[in-house]
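Visitor: I'd like to learn how to read a protein model. Could you walk me through one?

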Amino acid sequence: MKDFESNNGWTRDVWVFTEIQDHERVLDGALELLTKGREIADAQGSKLYSIVFALDAEQYLPAVEQFGPDVILYCSDRALKHYDSQIFPDLYAGLIEKYRPSIVLFPSTEAGSDLAPRLAHRFSTGLTSHCTGLSIMRFDEYDRSLLVMQRPAYSGNAIATVICPHTLPQMATVQQGVFDRKEIAGGKPEIIRLPFEYDLATLRIESLEAPVRWDKPKVPLEQAPIVVAGGRGLGSKRTFDRLFELSGLLNGEVGATRVPVFNRWCGEERMIGQTGKTIRPRLYLGFGVSGQIQHTASIIDSEIIVSINTNKDAPITGISDYVVTEDASSFLSRLIDRLKREKRVQ
Amino acid sequence: MLSIIVCIKQVPDTQKAVFDPKTGAIDRKSTDNIMNPDDLHALEMALSIRDRYGARVTAITMGPPQADDVLSEAYALGADECVLVSDPRFAGSDSLITTRVLSRAILRLGAFDLVITGCEAIDGNTAHVGYQLSEFLSMPLITQIHEFMIDGNHAIIERLYGHEYQKIRVSLPLLLSMGKNSNRVRIPRLVDIKECGEKPISLMTLNDIGGEPGEYGAAGSPTVVIKTEIFSHTRGRAVLEGGIEEKVDAIVHMLKKQNILRF
Ligand SMILES: Cc1cc2nc3c(=O)[nH]c(=O)nc-3n(C[C@H](O)[C@H](O)[C@H](O)COP(=O)(O)OP(=O)(O)OC[C@H]3O[C@@H](n4cnc5c(N)ncnc54)[C@H](O)[C@@H]3O)c2cc1C
Ligand SMILES: Nc1ncnc2c1ncn2[C@@H]1O[C@H](COP(=O)(O)O)[C@@H](O)[C@H]1O
């Protein structure tokens, strides 16, 4: 692979695709990424850029400012209300061409997972997806500092460390919930409004029916302080549904392994794991979850893990703070009864 | 008649894989190879479109010579034609380069209406190839499909978009990515399995798809894996004793102590 010219106009700046979720708020994963981006930019003495594309984008800027970008580039238009896999990559590629950041980060949401590989193709550069670790390290053999990206490998049984030493920008997508977010007081970023110029007549996908709202969690799973998760051991949708009663009592959210999702006991947005979400709640309660690595790698940073499983040697017990060897549905209904009683007593 | 190309990949069966405890790498000798699960759904999509509208289905894979196993499987499931894209100079390609190889090979196959891929391969889990093919081939990619209809030169598709359902109309040619929720995979008939070993698999090499050797394989790949480590975690493992009510007690007590239960 031929090396890029180090002074070919590329800056050392770090960009974060600051995604707007459901056209109503800044995605938490994007704020986490800004915090991480700040750390990376500081480590190499460069600037952090936040890129916002949205309808009425101005309303999100105050929230973004709290997370320490040096520059906010934003574009506001009706056509940017939903992620569009033609408009967003075209606009973003144009900006990268113009501003030349050397590190470009995305949340690994549906939009980020679409945008990032497209841009990697346009710049013939590398992309590492679903990263769980990002840092800057000096590499003497390449005579420069590089972004060091860590991601699960071999179905989550291992962690691979990846670099992109010859091409720019270096690109990564990051699971939500992996990094902390930290507000930074007193930052006054430079704010640049970009004109929206796009020939909408070139769009090939025509919408026939306006999207219809789907049943969704009250807060995204990644943000829920308490997650009660169900697996195959709950046996049926009927018992799985009782998790909602428990989560209601605890003020949490319901999560699942892949099995309930496949059985259509619940929607895909509740799946925790390698193909789902990464969570870090205060409390994780797993009912009838065996604890395969594809699931547990994404719950391991929970503060407290409790497992309820008939098999006292199920793999999940190895990562549990509390092991309950019981039938999941009986324990679930006893716990619900008990909490209801507790609630009434107070 | 429609022309449909399906991208399938041979992958180690990661669910049953044997891992080297030191490096975390898959022990390829003791692990079976299978067709990537999502790609079965991609092939199913192609076959069901053929059933409804008539089509010629070509399965294509890039991989080492033994990857022709998945092509035989594709024949057994009903593919009309199979192409193996294989060259030692492709070894070590990352997702960008894999897509470069596939897209150039696809363009050599002649005009097509649909290219169908799986969402994600279970060995790399990058889910890049579909999006990058969309870029290389300059055509839209549609994911998360529930309903698919052909209407003249257009497809009418119902799909999930984030939390929302969406109905769209888009002109052919077009790319589709299929996941496990999209359809139910058919089971091959015994007679097809018997015959599939005899059907010819065409081979394409670097010479057929064109380009310079330096554009391919590890040499052409922008990403470099510098380390792979296996990881493990352990915790307190306090096993709760007694009857079920005592265990409920213990959990409720813990929730209070941790200030999680505030009533
Ligand atoms: C590439 C890949 C990606 C994957 N991604 C994910 C992912 O993102 N998320 C995910 O969750 N999985 C994922 N998986 C699947 C994962 O490997 C497991 O198959 C899945 O997590 C198992 O779910 P489970 O624990 O519900 O079911 P099982 O493994 O079948 O376990 C059920 C458990 O319930 C217990 N049980 C049975 N009856 C009872 C009872 N009455 N009371 C109490 N306990 C009972 C059993 O002892 C057992 O431990 C992935 C797999 C692959 C190959
Ligand atoms: N070597 C390959 N040969 C054929 N198809 C592939 C190959 N690699 C990836 N694909 C296709 O791209 C999809 C996504 O793969 P990936 O981006 O590697 O997760 C797969 O489901 C396949 O349909």
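This is a predicted model: local features need pLDDT of at least 70, side-chain atom pairs count only at pLDDT 80 or more; totals for chains, interfaces and linings use all residues.

Visitor: Okay. In what order do the strands of the parallel sheet run?

Guide: Helices (H or I, at least four residues) and strands (E, at least two) are DSSP runs, numbered from the N terminus. Two strands pair if DSSP finds at least two bridges between them. Here, 6 strands form an open sheet with parallel pairing, in the order 15(A)-14(A)-16(A)-17(A)-18(A)-14(B). Strand 15 (253-256) of chain A and strand 14 (238-239) of chain B stand at the edges with a single partner strand each, so one side of each has no neighbour in the sheet.

Visitor: How many bridges join strand 16 and strand 17 of chain A?

Guide: Strand 16 (residues 283-287) and strand 17 (residues 304-308) of chain A pair over 5 bridges, in the parallel sense. To find one yourself, look for A:Y284, whose bridge partner in strand 17 of chain A is A:I305.

Visitor: Which helix lies across those strands?

Guide: For angles, axes are lines fitted to C-alpha atoms, for helices over the stretch in contact (heavy atoms within 4.5 Å). Angles run from 0 to 180 degrees between N-to-C directions. Helix 8 (residues 244-257) of chain B lies across strand 16, strand 17 and strand 18 (322-324) of chain A, at about 155° to strand 18 of chain A.

Visitor: What is the order of the antiparallel sheet?

Guide: That open sheet has 4 strands in the order 8(A)-9(A)-10(A)-13(B). Its edge strands, strand 8 (133-139) of chain A and strand 13 (224-230) of chain B, each pair on one side only. From one strand to the next, the twist averages 25°. Strand 8 and strand 9 (residues 144-153) of chain A pair over 7 bridges, and A:F139 has A:R144 as its bridge partner in strand 9 of chain A.

Visitor: Now the ligands. Where does ligand 1 lie?

Guide: A residue counts as near a molecule if one of its heavy atoms lies within 4 Å of it. Ligand 1 lies between chains A and B. Of the 27 residues around ligand 1, A:R232, A:T257, A:T275, A:S290 and A:D327 come nearest.

Visitor: Which polar side-chain atom lies 2.8 Å from an oxygen atom of ligand 1?

Guide: A polar contact with a ligand is a pair of N or O atoms within 3.5 Å. The one you want belongs to A:N309. There's also a backbone N or O atom of A:I272, 2.7 Å from a nitrogen atom of ligand 1. The protein covers 84% of the 990 Å² of accessible area that ligand 1 has on its own, by the Shrake-Rupley method with a 1.4 Å probe.

Visitor: And how much of ligand 2 does the protein cover?

Guide: Start with its contacts: a polar side-chain atom of B:N36 lies 3.1 Å from an oxygen atom of ligand 2, while a polar backbone atom of B:G118 is 2.9 Å from an oxygen atom of ligand 2. The protein covers 97% of the 480 Å² that ligand 2 has on its own. Strand 4 (55-62) of chain B gives the largest share of the shell, 3 residues.

How values were computed: Residues are numbered from 1 along each chain as its sequence is written. Chains are lettered from A and ligands numbered from 1 in the order in which they are written. Side-chain values use heavy atoms; hydrogens and water are left out. A polar contact is a pair of N or O atoms within 3.5 Å; within protein, one must be able to donate a hydrogen and the other to accept it, and residues adjacent in sequence count only if both atoms are side-chain atoms.
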